Amino acid sequence: MSALDFAMVGSGVNALTAGAILAKAGKKVALFEREAVAGGCMRTEELAPGYIYDPLATTFVLWVTGGAHAKLAEDLARHGVEFCATDTPTGALMPDGQALTYTTDRATNVAAFNAVAAGDGDQMASDLDAFARDADLMFGLMGSDPWSRKTASLLGKEIWKRGSRNLAARFGEALLPMRGWLETSFNSELARAVWAPWGLHAGLPPEATFSGQMGQIIGFALEVAGAPIVKGGAARMVDALVAIIEENGGEVNLSAPVEKVLVSSGKATGLRLQSGEEIKASGVLASVTPHQLYGSLVEMPERREDLRKYRYGRGNFQLHYALKEVPRWATEGLDKVQLLHITSGLDGVSKASNEAERGMLPAEPTICVGQPSAVDATRAPEGGAVLWLQIPDTPRFIKGDAAGAISVPEDGAWTEEVREAFADRIENMLAAQIPNLKQNIVARKAISPADLQGMNMNLVGGDPYGGMCTLDQFFAFRPFSDTRRHETGIKNLWQIGASTHPGPGLSGGSGFLAAEEILR
């Protein structure tokens, strides 16, 4: 292989995004992926004949509202990417059958929340309107490198408009935990239940600083864009991004694990694969965790203390179903909800999250039920359905079972027996809400935190977020307190991926930001 402009470690959404943008700009790029399939957490497989599912990530709301999509939308459409969504992106279902849904229509939402408790809808509208007035500031900060001129200009304009003290006050308001927001804005436990689980999708329990602001960000985004999925499966997005790279002269190499980033005189000069082949490149982008980068790919003893302190979050558990019939929910009006949380409410979310934090299998885990076939008929045979379940509060290492019913190994490892027993617990909770579930199961696939790491080594211990997203490891401090843009301290070596700003999710954000910075 002749010398590259840029070599990339990994082929997840951020590496593919950066590769596509750089290739379109005329740069010679190549990606090197250790697995036999590209895409990182974007995968599509067959669960049973005629049933296709995304075993890992599936929802693209962060993509369609982000800068990478604005840059690549026309190319993606040309290569067959089609997003589809219902007008009911989310909702909550409580064990007693009470349910409340959230649509893409503000008036409908206000009326529904007010019907549950007088004033709840009006207050929600007021809170989201207040966020909308600051949307340019918040999305500007999330969508730009913290140490860039663009961010400095944005903050300068805000100081001029608001005054420095008022801007500081606004940032102070953004630190509000989810519990603080919900308990001061909503009287109904059902209304609180709609929002309480959403912080978990950023790895933040309800008591975490900034989780309340994250809930409002998500509420705003869901109202604007819904919860879109890719028609035909997330792998269609992978195929399209690969096609953009290849049609512009780039390459995506599979089953090509990288052993080292080559460094000479403090400057990255390429890669060495585990096969021994060396790839020359003027620059390297590594979509990996800090421990992979600084503990394996390069030698930087000065980062040892940072690696010791860097923390990964709770694990994730996935459970997927192929069904002969569409789910018949015991509670009406839930068949088109794309991401429905089954939870007993704010305290239930907090309890399950705390149990997982302490290494316990939650007695009543918070369950996120995705219904992709409700909007994408290609996912299942006519009359059938697939369900995509995510349990975001699962221990990485198991110390016990909060319900006292599942025996766990002394070493805390996830075994097949523990995985299936925990899946049975979740299935029984689901079957209580879907009476026709069990008799219509064609296939079931459970994926434990250990399985997740086996599928993608960036998912350390099954943490899908590349490390905890608490404020000490977020925004300008991600992954480390002295992080500057996506630089690493080695010239022409950049770190991208969920462990870097702007964090996890299918936005392609870090790949987009790094590519734009390189081209500038």
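Good morning. I begin with Pro 502, which lies in the loop between β20 and α18, the helix of residues 509-519. This is a predicted model. The peptide bond that leads from His 501 into Pro 502 is cis, with omega near 5°. A further cis bond joins Arg 478 to Pro 479, and its omega is near 0°. Pro 479 sits in the loop between α17 (449-455) and β20 (493-496).

I turn now to backbone angles in two other loops. Phe 210, in the loop between α10 (189-195) and α11 (211-225), has a positive phi of about 80° although it is not a glycine. Is Phe 210 buried or exposed? Its relative accessibility is 11%, and buried means under 20%, so Phe 210 counts as buried. Ser 265, placed between β10 (258-264) and β11 (267-273), is likewise a residue other than glycine with a positive phi, near 55°. At 81% relative accessibility, Ser 265 counts as exposed, because the cut-off for that class is over 50%.

Next, the packing of helices. Two packed helices are described by the angle between their axes and the distance between the axes. For α4 (residues 106-116) and α5 (residues 120-133), the axes come within 6 Å and cross at roughly 140°. The two helices are therefore oblique to each other. On the α4 side, the residues in contact include Val 110 and Phe 113; on the α5 side, they include Met 124, Ala 125 and Leu 128. By class, the residues of this contact are five nonpolar, three polar and four charged.

Helix α5 also packs against α6, at an angle of about 65° and with the axes 4 Å apart. Here Phe 131, Ala 132 and Arg 133 of α5 meet Ala 135, Met 138 and Phe 139 of α6. This contact has five nonpolar residues, no polar ones and one charged.

Finally, I come to α7, residues 149-162. This helix has 14 residues and reaches 20 Å from its first C-alpha to its last, close to the 20 Å expected at 1.5 Å a residue. Which residues of α7 are buried? They are Thr 151, Leu 154 and Glu 158. These residues cover an arc of only 60° around the axis, and therefore they lie on the same side of α7. Their cover includes α6 (135-142) and α8 (164-174). On the other side of α7, Arg 149, Lys 157 and Trp 160 are exposed. After α7 comes Gly 163, with a positive phi near 95°.

Thank you for your attention.

Terms used. Residues numbered from 1 in each chain as written. Predicted model: local features only at pLDDT ≥ 70, side-chain atom pairs only at ≥ 80, totals over all residues. Heavy atoms only, no water. Axes fitted to C-alpha atoms, helices over the stretch in contact; angles between N-to-C directions. Parallel < 35°, antiparallel > 145°, perpendicular 65-115°, else oblique. Contact = heavy atoms within 4.5 Å. Nonpolar A, V, L, I, M, F, W, Y, C, P; charged D, E, K, R; others polar. Expected span 1.5 Å × (residues − 1). Buried < 20%, exposed > 50% of the residue type's maximum accessible area, 1.4 Å probe, protein only. Arc of directions from axis to C-beta.
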